[in-house]
Amino acid sequence: MPPSASPSSSASWIELDAASLRANVELFRSFARGSPQLGAVLKGNAYGHGLDELLPVTHPLVDVIYVIAADDALRVRELERQAGLAPRQVVVLGALTADEALELARAQVDVVVADRAWTDVATRLRAEGLRLACHVHIDTGLGREGFTLAQLPEELGFLREAADVLEVRGALTHFANVEDVTEQDYARAQTHAFDEAHDRLLRLLGLDRLQRHVAASAAALLMPDARYEAVRVGIALYGLWPSPETRLSARLVLREVPRLHPVLSWRCRSQAVKWLPEGAFVGYGCTYRCPQPTRVAVLPVGYFDGYPRLVSGKAHVLVNGQRCPVLGRVMMNHLVVDVTLATNDDAPVVATLIGQDGNECVSAELLAGWAQTINYEIVARLGAHIRRVVV
Ligand SMILES: *Cc1c(COP(=O)(O)O)cnc(C)c1O
């Protein structure tokens, strides 16, 4: 496959396919019986895809934008100003300092209240004449952030006292065990706990409704009851399956496996192509020895960029639609691959580290398998320094 966006520099680059993102959005829109709002989770530099590059593509397609860090929310507001876009609901899921909370109130960004450390913020909001929209996080069984059912409603008394400045707009929880199983008993128990917590919240605050958002990708796909008012879709928006079990469950629950379209490809141009003689060693530790004369390509990519060292001796990249094994160890800034069968001369080649080339594909899942991890970690750890281009 000819690279559609190869820069002239010797570094690797990431291609982001806008059409694939749109197709993934369409899929979730098509599920939206009772039309829950579609929220895009853009945390972790948009799962390593690149927030700056992906935000302009995603923003017009979704109803809510979720991030972890206050800075990222402010970047969304900045982009909206620059591009003249209508402001979207933006929710910061992560923990905040009081200064950040005040800045988010000014930017009309929603925050998540997951503990009692908000009295100081309330005082400062009042002093400045600001209001902050917030969502109450309920811990229904993940054991991460949020109020447990046992803490409700007593520990939320402060919210009633701060109602003039902390406007409770929503309630959320996060599932612990949808992706690792093909039956959803634990998730259903979490849903029931959430419903109970939601009722208590409404009574406590004297409200008659809240924006409930509970489902991440896997639950949004597999559990219609968990879609509530809004879904928080991360990994699947980027065209990646949350897990093999989720894919298997989709076949059972939805009767067919919906097609997800991977948004990201990662490529580079070789920095050298040359023959190594029979018996030559490759890489640190001399762990590989050429059993025959071998044409190798030296690639300017290594574990600094997020290519896992653990895949040494297992992985392949794609060159001219052919699988080319990684020889020896992955180094900080280099990979050496066997291109004997992929090219007929020593001219530079383009290698695909993640993505499709001809009929072959190295998926994030495949690379994750070699690296004994999950696709989430593979993409999230792609270096922020790598150039991203939307194609
Ligand atoms: C990361 C995250 C999501 C998105 O999860 P995916 O499995 O990537 O869809 C949703 N909600 C919360 C609270 C998260 O931390």
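The model is predicted, so local features need pLDDT of at least 70 and side-chain atom pairs count only at pLDDT 80 or more, while totals for chains, interfaces and linings use all residues. Residues are numbered from 1 along each chain as its sequence is written, and side-chain values use heavy atoms, with hydrogens and water left out.

**Ligand surroundings**

**Polar contacts and burial**

- Among the polar contacts (pairs of N or O atoms within 3.5 Å), a polar side-chain atom of Y47 lies 2.5 Å from an oxygen atom of the ligand, and an N or O atom in the side chain of Y376 is 2.6 Å from a ligand oxygen atom.
- R232 places a polar side-chain atom 2.8 Å from a nitrogen atom of the ligand.
- Taken alone, the ligand exposes 390 Å², of which the protein buries 95%, with accessible areas coming from the Shrake-Rupley method with a 1.4 Å probe.

**Largest pocket**

- The ligand sits in the largest pocket, in the sense that more than half of its atoms lie within 2 Å of the pocket's grid points.
- A pocket is an open set of points on a 1 Å grid over the protein atoms alone, where a 1.4 Å probe fits, with protein on both sides within 12 Å along at least five of seven lines, and its lining residues have an atom within 4 Å of a point.
- The largest pocket has a volume of about 800 Å³, and of the 35 residues that line it, Y47, H174, E179, I374 and Y376 are the closest to its centre.
- Its lining has 18 nonpolar, eight polar and nine charged residues.

**Second largest pocket**

- The second largest pocket has a volume of about 610 Å³, and of its 31 lining residues, H261, P262, G355, Q356 and C361 lie nearest its centre.

Note on methods:
Polar contact = N/O pair within 3.5 Å; in protein donor to acceptor, adjacent residues only side chain to side chain. Points joined across faces, edges and corners; volume = space filled by probe spheres on them. Nonpolar A, V, L, I, M, F, W, Y, C, P; charged D, E, K, R; others polar.
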